[in-house]
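Take a look at the model below.

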Amino acid sequence: MQRLIPTGEAARPVAFADVPQPVPQPDEALIKVEAFAPNRGELFLLERPTPELLPGKDIAGLVVQAAADGSGPGIGTRVVGHPAQGGWAEYAAVPTHSLAVLPDGVDSVRAAALPLAGITALRLLRTAGSLAGRRVLLTGASGGVGHYVTELAVGAGAELTAVTATPERGERLVGLGAKVVHEVAAARGPFDVVLESTGGPDLPLALSKARPGGLLVWFGQASRTPVSLDFFQLLGGPQRVTIQHFHYADAPYGSDLAALVSLVAQDRLHPEVGRTTDWARTAETLVDLRERRIRGKAVLLTGGAR
């Protein structure tokens, strides 16, 4: 079969290779991949790829071999999956605990855009607690996680302010019910909950926007700049604010994937797909994602996507 593997080259991050078809473990189903979606974290890994790196965590496709242990969906079932790696390929072996069945109304393109960003958004909002009537600040809101957080939080009754780099990137979030600003300093607090994903100088500034006794959930560092906090400077800001470190990864993922798929099927969650194209164009699409030329998710089709 064909698989995309890292090259270590900035202009052409991946290339096709002929490799053996994966052999599933007893608790894994073999999926014929119809569509996959890259994530920003994978772009970072491709800059300095390790020999064992096999990109691909967000896929949708068809079960062609059911798990030997009897778990999970049967042959011929359309699914969305979140394997640990290896999804940028014709076939992928995925633990059945990280698969969800797709109803007829949810196509492979939208499904492939769901897993990492959608699971992160769901778990992030669970960490934040009930949002009805609460004021929420979301930094780094332009990406896939920001889109899902915005739609889910506004739908739950939050008054959400989203920070995006440009008006163009914030346009869709305004349509989802958010107030949009383009720098953290412009956000008018205080906020009950701050969801911070930028790092660098933005985190201390976002922290200063929290109300006394509020919560800051730190879930990323998109600026790739470490955070410095000054104890004495914080004395002039809100007191008793809780800072909680968050990372989404903790299998199983199947129930969260099923919840996301259900929301899409009910027209309550709308994946933003900025590009859908054949996987022959994966390398150039990765470069365009890295340079932020694509708004929303990019989805690559291996053939036969519905």
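Is Thr302 buried or exposed? The model is a predicted one. In it, Thr302 has a relative accessible area of 19%. The cut-off for buried is under 20%, so Thr302 counts as buried.

**Around Thr302**

Thr302 lies in the segment after β15, which spans 297-301. Its side chain reaches the backbone oxygen of Val33 at 2.2 Å. Leaving aside residues up to four places away in sequence, Thr302 touches Val33, Glu34, Ala35, Phe36, Ala89 and Trp279.

**Helices α1 and α9**

Helix α9 covers residues 282-290, and helix α1 covers residues 40-47. Their axes come within 10 Å and cross at roughly 105 degrees. The two helices are therefore roughly perpendicular to each other. On the α1 side, Arg40, Leu43 and Leu46 make the contact; on the α9 side, Leu286, Leu289 and Arg290 do. These contact residues divide into 4 nonpolar, no polar and 2 charged.

How much of α9 is buried? Of its 9 residues, 7 are buried, so α9 is largely enclosed by the rest of the structure. The buried ones are Thr282, Ala283, Thr285, Leu286, Val287, Asp288 and Leu289. They pack against β1 (2-6), β2, β3, α1, β14 (273-278) and β15. Just after α9, Arg292 takes a positive phi of about 60 degrees.

**The parallel sheet**

Six strands form an open sheet, in the order β10-β9-β8-β11-β12-β13, with parallel pairing. Strands β10 (179-181) and β13 (242-245) stand at the edges. Each has a single partner strand, so one side of each is left without a neighbour in the sheet. From one strand to the next, the twist averages 20 degrees. Within this sheet, β8 and β11 run parallel and are joined by 3 bridges. Leu137 stands opposite Val194 in β11.

**Strand β5 and its partners**

Strand β5 takes in residues 78-81. Arg78 and Val80 point one way from it, Val79 and Gly81 the other way, and all are buried. β5 pairs with β4 in the antiparallel sense, and with β7 in the antiparallel sense as well. Ala60 has Val80 of β5 as its bridge partner. Gly81 has Leu99 of β7 as its bridge partner.

The pairings described above are set out here.

| Strand | Partner | Sense | Bridges |
|---|---|---|---|
| β8 (residues 135-138) | β11 (residues 191-196) | parallel | 3 bridges |
| β4 (residues 59-65) | β5 | antiparallel | 4 bridges |
| β5 | β7 (residues 99-101) | antiparallel | 3 bridges |

**The loop at Pro22**

Where is Pro22 found? It is in the loop between β2 (14-18) and β3 (28-36). Not counting residues up to four places away in sequence, Pro22 touches Met1, Leu30, Tyr91, Ala92 and Ala93. Pro22 and Gly140 are 118 residues apart in sequence. In space, the two are 37 Å apart, C-alpha to C-alpha.

Conventions:
Residues numbered from 1 in each chain as written. Predicted model: local features only at pLDDT ≥ 70, side-chain atom pairs only at ≥ 80, totals over all residues. Heavy atoms only, no water. Buried < 20%, exposed > 50% of the residue type's maximum accessible area, 1.4 Å probe, protein only. Polar contact = N/O pair within 3.5 Å; in protein donor to acceptor, adjacent residues only side chain to side chain. Contact = heavy atoms within 4.5 Å. Pairing = 2+ DSSP bridges. Axes fitted to C-alpha atoms, helices over the stretch in contact; angles between N-to-C directions. Parallel < 35°, antiparallel > 145°, perpendicular 65-115°, else oblique. Nonpolar A, V, L, I, M, F, W, Y, C, P; charged D, E, K, R; others polar.
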